Every structure is written in structure tokens, then in C-alpha cells.
Amino acid sequence: MNNPYIVLPVIFQLFTAVLLMFFWFRVNAQRLITIICSLISVGIAIWLFNEVYNRGILTMQAGEWQAPFGITFVADIFSATMVLLTAISGMAVAVFSTGSIRNARLKFGFFPILNFLLMGLQGAFLTGDIFNLYVWFEIIIIASFVLITIGGEKAQIEGAMKYVTMNLLASAIFLTAIAILYGMAGSLNMADLSGQVAQIENRGLVNVVAILFLVGFGIKSAVFPLYFWLPASYHTPPPAISAIFGGLLTKVGVYALIRIFTLIFIPDEFLSNLLIIMAALTILSGGLGAILQVNMRKIFSYLIVCHIGFMIAGLGIYTELAILGAIFYLIHDIIVKTNLFLISGLIFKLKGTLNIEKLGGIYKKYPKYSLLIAIPLFSLVGIPPLSGFWSKLFLIEGGYLEGQYTLVGFILLGSFLTLWVIAKLWSEVFWKESVDLPKKINVKYFYELKPFKQWAMIIPIVILTVISLYIGLAAEHIIVLSKQISSELMNPSAYIEAVLGTKTDMP
Amino acid sequence: MELLLVMLIGLLYASGIYMMLRRSMVKLIIGLILLGNGANMLIFLLGRIVKGKPPIIDSASKMLTEIYADPVPQALILTAIVISFGLQSFAIILVKRAYKITATDDLDELNTTDEIYE
């Protein structure tokens, strides 16, 4: 169904970013506008989700150029869910950063850039055109480049060098893949490509292009041999920025992989095996890396890598059940990873360090915060009935039914490694005897902040924790939703019809 | 013409990747620029090169019947050039800042963020 308002989430983020630019040096005005606008954007996302959930796939043909000739925006239930999750984590990060980020950084335009980043994410989730997807990816990466370097500390610049290089390389590979795909199929519309690519006889070339896409998106989503930039850079910027990166930037790569490999390149045996091997090694290397680290944010960075493997595993198994597991995991992971990095920001403000060997005694001193933090940590591990449990259950069942016993073993191993890491983290940071740390001059501690800022840091964590609890305890709703998404992904004819069906005869 | 372009693209990709694998930051940027240009040329080549056939429909007919020069790759390249211009200028400024802060051009020196105890 044609509905021009589906680009509203994108337009609204653009509007917010431009509005914020008029208040460049007035950081308090920026704080207020950001909080209000991020709440409105959550409202818009809920409206879009509701509309798509009730009415089916909505499309917009830009400039009334009918698909496959113009740029198409498509909101199917997968896109709408991702838009909603983006708006929620964007809201949490925006509110958190009003409390945690220093005025000096805010004066370099933190809030406008954050909104440009969110605009890019919303656009990437809504577009139905592969070159347009490239453009949204570029908007995302240029905004993230600014966010990762804002403040200009030595560690940030060093991390940014790796981050920028790998992302530029990924873009070049993505562009190469688009070039060859356009040369083969003569189209850029993803729904149209779905039919065109299936008819190409030179399957070898199709597989080459599929692997180019896999490498391009694989760098962005940090899968096994391509993830080294992530733990080297994600712990360097302020925690609020790490939160939006950890929660969403790798997931947009996973979204693109799922979209491409269910719609355009249906994995044959070779590609499936490749995905499964990559998934298993991603889980293993991320989990082992996390055990070794002592910096809390680096531990979380490696856990991102580890858990990306779960979603790729679902895609590799490629049955409706496994995709359901991957989608459920994606929904759970965006919320919980954003929350974890926000929590690391809170702990840094409480103690002035993130080295888990130096930290300690938080449970004794702050029992309420500790219980709050326990929920996302345990849902990350997947202790029943919290949110991580259900998704892994479906992934394991999906793998077991397909006879992928080795992969199931790796998924279990990954869960076990996560449990180990989180248990170590919990006992070191919360239960261990507190050590008196020397007070740092350049850190503004939590108790020194104004009450408004303290609340601004606590409330987002509470909101995200409640959502995590909802995903875990009311898993039935999420299962129904994931089931609908996975059946739409596995039978893309509805998507194709919604995009191309309204096509009028060309003059 | 196609053969020349194919050779040029191969050269751009090869030299881009070679430059990226060097240890100098400046060479890294040059490598990225070469790689980006190679990708742009590739889009141009794969849009099929047609000489002297503009995609203009004459008033007598309703659609193009003969072979024509596809305008889409050119629109794509234009977009890609503008984007890569922005990204590359950011990368150059970043390299300059990194050089100022770390006082080295050697990429292997930028490994403090990878160490477990910083």
C-alpha cells in the first residue's frame, strides 16, 4: 500500500538535527530539545509500527517514480521493528548523554550529529533500493566518525584511525558489489533484483557478488575475520556514544546481511556453510576475547562480536525457525547492548575507572543500582525467563532440527563463555571488597552531579531494563512478532508484490 | 576502450590495496582514494559503454528502441564521488590530528588501544 508518511522517522530526525544546529553553543537548550524530540520520534516509530502491523507492508515511491525505476522506501514489519528499536535506543542514549557528556563536547555539536546518525539508521532500515542503502550507510559512518573523534583524546584518535579505515574499506567493497550487481541485473531496486538475480545463469559471478556483499557488511557487523577494528575502537569514545555504536551500528550490518541474503541472494550450500563457519568462529573468538580483557567496555565490545555470531548462525541455518531465533536475538540484543554500555558509563561516574580489577564493592555501596544492573547482565547471559534465553532456545532448536550439531555446540559454548565473563564481572565489580581508589581530578563523579543529571543517567537504564524484562517475560508477543518477520523474510513474494505490484504500465 | 578501462580498474584496485597494506598513514589514505576511484570506474564500465547514443526519446516514438547510453551509472558515480570526497577529507584531517597527537606516521605505533592494561 502506498503511504508517503513512512519516511516520517527519517524526516523528523533530520528536522531535529537542523533545529539543534540553531542552538549550537546553548547546550541547555540543546538538552531540552533533544529530550523532547527523541520522545516524539519514539511516538512516530510506534505509529509506524502500529500502521505496518495492522495494514501490512507500506511503500513510498520517491517523486512518484514507480519502482523499479525510482527510489523506493519500504516499511515491512522487519523494518518497522528496527525503526522502533532504533528510536528507543536513540531516546535512551539522548537522555543519558544530557547527563553524562561534558559541555565541552556538547559545544562541538554532539546532539546534532547524534540525530544525523539516527537519521541514517532509520533511512537504512526503511530503504528498498540498494544504492540508497549505500548512501544511508555513508551517512551513518560519517556521523559516527565525528562522534568517535569528538573530544580528540589520544585513545579516541587511535581508535578512530582503525574504525575509519575499516569502514571506508567496507564502503569501497560494498560499492564494488553494487557496480557488478548493476552490471549483471541492470536494476537497483531490491525487490526487482530478487527476481532478476534468480534468472542470471552465471551462478559463479552471482556468488562472487554475494561474497563481496558479505565482506562489505561483514566488516560493518564485525564477523569473524573482520572484527578486529571493533574492540580497538568502541571503548575509546564517551560511554553514551559507545552505547549507540554497540547497540545499533553493528546491528545495521546484520540487518543488511539478513535482508540481502533472504531477498536477493538465497544462500546455496556453499554460502550457507560459509555463514555457519563464520558464525561459529565469531562466537568463539568473541567469547575468548572477552575472557581475557579487564576493561569493562572492552569486555562488552568482545561480547558484541560474540553475539553477532548468534545472529549470523540463524541466517546460516536458514530455516524459518532459525531466522525467528536470529530476529528475536536481534531485538533483544539492541536493547541490552545499548543498556550495557550506558551501565558502564554509570559505573565510570560512580568509581572513576572501568578496570574490573580495581573496581569493587558496588553492591555494598549501591544495592539498588546493582539490582537494576543485574537484570540486563543476566538477560545477556540468557538466564530463563529473561530475554536472552528465548532467542537462544529457538536458535538451538533451529540448528538441532537441521542437524547442525557442531553449530549448536558453538552456540552453547558461546552462552557458556558469556556466563563465565558476566559471572567474573559480577563478582569482581559488585561483590569484591571495595578498594579505595585515588580520586581523579578530571572525572566528574556521580555524587558531584546535579540531581537532574543523576536522574538523566538513571532513567534511560531503567527504561531499557524494563523493556528487556518485557521481552523476556512477555516473550509470547515477541515470538509472534519474530515469527511474522521470519515468515515474511522467507517468503519475500509479499514484499516484492508490495513494491512492484502497484506498477503502472510504462508510457 | 573496455579493455583499457578494465586494465585501469585492475591497476587502481591493486595499487589501492598495496598502498593500504603499507605502514604509513599517508599511504593508507592514498590507498583508500585509489580504491574509491577504482570502484567509481567499475560502475562506469559495468553500466555498458555506448558512444554517441544519448538516452533521449524523440517526439515521434514513445520509448527507446535502440541501444542507448544508460544514465543511471553516471548518477551513481556522481553520488559516490561526492560522498567519497567528504569521507576522504575527513580521513585526511584525522590523519593530520593523529600525526600531531602521536608524533608518528607509522600505523604499527597506533596500538595502545589494543593493549589489555592501558
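The stops below begin with a whole chain and then turn to its parts.

This is a predicted model, in which local features need pLDDT of at least 70, side-chain atom pairs count only at pLDDT 80 or more, and totals for chains, interfaces and linings use all residues. Residues are numbered from 1 along each chain as its sequence is written, while chains are lettered from A and ligands numbered from 1 in the order in which they are written.

**Chain A as a whole.** The average is 90, and 99% of the residues score at least 70. Residues 503-507 of chain A, however, have a pLDDT below 50, and beyond near neighbours in sequence this stretch has 4 contacts in the model (a contact requires C-beta atoms, placed from the backbone, within 7 Å). Where pLDDT is low, the predicted coordinates should not be read in detail.

Now show the cartoon: chain A has 21 helices and 2 strands (DSSP runs numbered from the N terminus, helices being H or I of at least four residues and strands E of at least two). The C-alpha trace of chain A spans about 75 × 55 × 40 Å along its principal axes. Of its 507 residues, 61% count as buried, meaning that 20 or more other C-beta atoms, placed from the backbone, lie within 10 Å of the residue's own; exposed means 12 or fewer, and partly exposed lies in between.

**The strand pair.** Select residues 58-61 and 72-75 of chain A. Strands S1(A) and S2(A) pair in the antiparallel sense over 4 bridges (pairing requires at least two DSSP bridges). One bridge joins A:Gln61 to A:Thr72. Which way do the residues of S2(A) point? A:Thr72 and A:Val74 point one way, A:Phe73 and A:Ala75 the other, and all are buried. In a regular strand the side chains alternate between the two faces of the sheet.

**Helix H5.** Select residues 110-126 of chain A. H5(A) reaches 25 Å from its first C-alpha to its last, close to the 24 Å expected for its 17 residues (1.5 Å times one less than the number of residues). Because 17 of the 17 residues are buried, H5(A) is largely enclosed by the rest of the structure.

**An annotated span.** Finally, select residues 129-418 of chain A. An unreviewed UniProt entry places here the "domain: NADH:quinone oxidoreductase/Mrp antiporter transmembrane"; such annotations use the numbering given here, with shortened feature names, and may be inferred rather than shown by experiment. The span is 82% helix and 0% strand, with end C-alpha atoms 37 Å apart.

How values were computed
pLDDT is the predictor's confidence in each residue, from 0 to 100. Two residues are in contact if their C-beta atoms, placed from the backbone, lie within 7 Å.
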